[in-house]
Amino acid sequence: MEALTPPPPPPSSSLSIRGLSITVYHSTLTSTTASVSSHFIANLLQSFPKPELRSEHVSEGFVDSLYQPRPSPHLHILVISTTGQGELNPDTSSIKPWLYSPHRVLPETTLWSVYAIGDKKYGDDYCKAGRIFYGKLMKCGGTRVGELGFGEGLKDSLTWLKKTLEGRLEFGEGSGRFEGRPSPYVVSECVEASTASPPPPSEFNDFSIVSNTRITPSDHWQDVRLISLTGSCSYKSGDVFRVLPKNSDEDVQAFLNVAGFDSSSFEGVWRVEVVSEFYCEGWGSNFTFMDLLKSKADLGYTGVTVETMRSLAGFVDVGEEGGEKHRKKLRSFCETESGYSLFKEYVRREKRSIIDVLADFDTVKLNSLDDVLRILTPIQPREYSIASAGQSKTIQLLVAFKEGTTAYGRNYIGLASKFWRAAAINDVVKGTTRAGSFEKVVECEKPAIFIGAGTGVAPLRSVIVGRARPNDDRLVFGCRNAEADYYFKDEWAASGIKVDVRCSRDQVRRIYVQDFVEKEGREIIAAHILGGGGVAIAGGASMAAAVQKEILEILGERIEGGKDMAKRLLNSLKRKGTFVVEAWT
Ligand SMILES: Cc1cc2nc3c(=O)[nH]c(=O)nc-3n(C[C@H](O)[C@H](O)[C@H](O)COP(=O)(O)OP(=O)(O)OC[C@H]3O[C@@H](n4cnc5c(N)ncnc54)[C@H](O)[C@@H]3O)c2cc1C
Ligand SMILES: Cc1cc2nc3c(=O)[nH]c(=O)nc-3n(C[C@H](O)[C@H](O)[C@H](O)COP(=O)(O)O)c2cc1C
């Protein structure tokens with residue numbers, strides 16, 4: 001029987017390398033933690049023997065591994081990112097029962113460290129999921145190694161790892177040369193496309209485009225579309241649509257050109273198995289090379305990670321002129337903190353895709369499908385708050401394209417933005433819906449206040465129309481110009497809802513929704529929240545954090561116990577579901 005009483009907090013351990021084994025776990029939404037985990041592995045490999053080192057996703061096996069009795073210590077390094085409003089990633093759902101149940105004591109041979117990844121724009125929710133894991137492990141005992149680490153992506157992560165294992169493991173100057181290792185995949189050709197078995201069922205269904213209309217003036221800086229779709233699915237007001245965008249034909253062709261293949265390369269239907277002790281992308285089975293390039297692999301700028309650079313270094317032909325230089329450069333991106341800064345400048349800031357990188361590093365030679373898989377990253381679904389009410393026949397989305405010009409004058413457009421731009425009436429897109437977090441606001445008997453900016457008005461519209469109580473509710477909306485991006489202006493006027501709009505650029509001094517909350521809305525919002533009314537905030541993460549900060553100030557001045565009590569009150573309303581924030585960057 002395992003004891004159920006929590007032990008005293010474990011001390012930071014002294015760690016001996018003798019007999020030690022390590023697993024680096026990560027939980028991810030957009031693959032940042034997977035990159036950090038690979039980075040840790042590549043560096044640990046310099047001083048740590050491979051048989052005792054592995055990397056995995058946080059999943060059911062994780063809890064078993066924590067409680068496994070072992071003759072010698074096993075270190076679990078957790079790399080955890082935060083999503084939603086301080087929430088855990090969906091891929092950790094199977095371990096939630098453990099996280100939220102009474103604390104079972106861990107064996108002393110279970111060593112653990114947590115590195116939390118997040119974005120400071122989320123204010124108090126910064127790295128919250130990592131902190132939840134850390135708190136749980138502190139209560140379960142075992143042996144903590146090092147302090148809780150915090151970071152935004154890869155930056156500083158290696159410094160934390162080195163500090164955590166200081167004096168126990170030696171880290172060399174170079175990377176672990178992960179890229180030179182044997183392929184993690186076994187690629188086997190099944191059959192000709194015409195006789196292949198159908199692909200396994202997917203959570204994504206077919207939706208067809210009913211309309212795709214630009215609603216901002218053509219001379220406005222941003223192209224914003226109202227997109228309507230039909231498909232066999234039901235949804236509730238405030239739910240979220242998840243789309244699986246595809247690459248454009250021109251990008252697929254550009255990839256083929258730069259990688260030195262054509263559409264007839266690697267004919268047939270392929271099955272790919274992962275055979276590695278280190279985490280790798282699961283490409284699944286039964287796809288053709290062209291399916292891979294069109295619908296599976298991210299050929300946009302989100303598809304390049306530092307691990308892509310590490311893999312590319314392994315495919316440089318050093319016999320070619322410039323090859324040595326290219327390999328050194330590619331390795332430098334993933335070996336040091338300064339190299340990572342360069343990576344951020346070259347890839348992230350300049351928004352370079354795998355096509356751009358292969359064009360620059362033309363000594364990279366890819367020969368097999370296996371090589372191609374090792375340098376590509378899967379397309380991640382994009383989420384959109386549904387803008388129409390749950391009872392509607394169609395799903396409406398309000399989509400603002402992510403496009404612009406980089407510091408060095410390169411034009412860019414996001415993967416999903418490009419996909420939506422090309423979407424024509426009757427085109428079929430792969431999508432699904434997921435539950436949103438507004439249910440209790442929809443049901444709230446008392447009036448509700450909605451605060452949002454830009455496309456953040458999408459879920460608010462869905463909930464406002466779904467509640468059908470425009471005379472009780474109030475919308476505080478922020479945009480740039482009343483004539484350009486005051487979305488659904490006529491609809492609000494016709495519905496009778498009270499709208500307080502703040503157009504940031506229609507006067508010399510910029511004003512935002514948070515200014516309304518701070519000034520004119522002060523009394524209204526305080527009385528509303530203290531009277532039990534619902535609140536929904538949606539849009540950019542910075543706006544949502546600024547509005548919440550103002551609300552805390554206002555409540556702090558009015559309730560006993562000040563800001564601390566106000567924080568508690570907001571947290572309890574969030575748990576109840578009557579104060580909801582849906583924000584994205
Ligand atoms: C809950 C929620 C609701 C949203 N609602 C709306 C809405 O109503 N209207 C709207 O216009 N936008 C909305 N968004 C934002 C939307 O999901 C997209 O981020 C936006 O359309 C830009 O996508 P893109 O592919 O064009 O740009 P890209 O820059 O290609 O992608 C940006 C997004 O891709 C993901 N990403 C980041 N890095 C990586 C990576 N390394 N690999 C793979 N993916 C990565 C992230 O989700 C990031 O936000 C919402 C986001 C969330 C989370
Ligand atoms: C929809 C969404 C919500 C997020 N919410 C938070 C948050 O509440 N707190 C935080 O620190 N970071 C938050 N982030 C930032 C992510 O944690 C950060 O981008 C991280 O690098 C993602 O890692 P991953 O790609 O491995 O999931 C959020 C990101 C997104 C896209």
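1. A residue is called buried when its relative accessible area is under 20%. In this predicted model, Thr363 has a relative accessible area of 0% and therefore counts as buried.

2. The position of Thr363 along the chain deserves attention. Thr363 lies in a loop, with helix 11 (354-360) on one side and helix 12 (369-375) on the other. Leaving aside residues up to four places away in sequence, Thr363 touches Phe315, Val316, Asp317, Glu320, Glu321, Gly322, Gly323 and His326.

3. The protein as a whole shows burial as well: 52% of its 585 residues count as buried. Its secondary structure comprises 20 helices and 22 strands.

4. On overall form, a compact globule of 585 residues would have a radius of gyration near 25 Å, and the value for the protein, 26 Å, agrees with this. Along the principal axes, the C-alpha atoms fill a box of roughly 70 × 60 × 50 Å.

5. Contacts between residues at least 6 apart in sequence were also examined; 77% of them join residues at least 24 apart.

6. The accessible surface of the protein is about 26100 Å², and carbon and sulfur atoms account for 50% of that area. The side chains include 71 positive and 73 negative ones, and the centres of these two sets are 5 Å apart.

7. An unreviewed UniProt entry lists residues 202-441 as "domain: FAD-binding FR-type". Over these residues, 202-441, the chain is 32% helix and 22% strand, with 31 Å between the end C-alpha atoms.

Key:
Residues numbered from 1 in each chain as written. Chains lettered and ligands numbered in written order. Predicted model: local features only at pLDDT ≥ 70, side-chain atom pairs only at ≥ 80, totals over all residues. Heavy atoms only, no water. UniProt positions renumbered as here; feature names shortened; annotations may be inferred. Helix = DSSP H or I, 4+ residues; strand = E, 2+ residues; numbered from the N terminus. Rg over C-alpha atoms; globule rule 2.2 N^0.38 Å. Buried < 20%, exposed > 50% of the residue type's maximum accessible area, 1.4 Å probe, protein only. Contact = heavy atoms within 4.5 Å. Areas by Shrake-Rupley, 256 points an atom, 1.4 Å probe, with all protein chains shown as cover. Lys, Arg positive; Asp, Glu negative; His and termini not counted. Charge placed at Lys NZ, Arg CZ, Asp CG, Glu CD.
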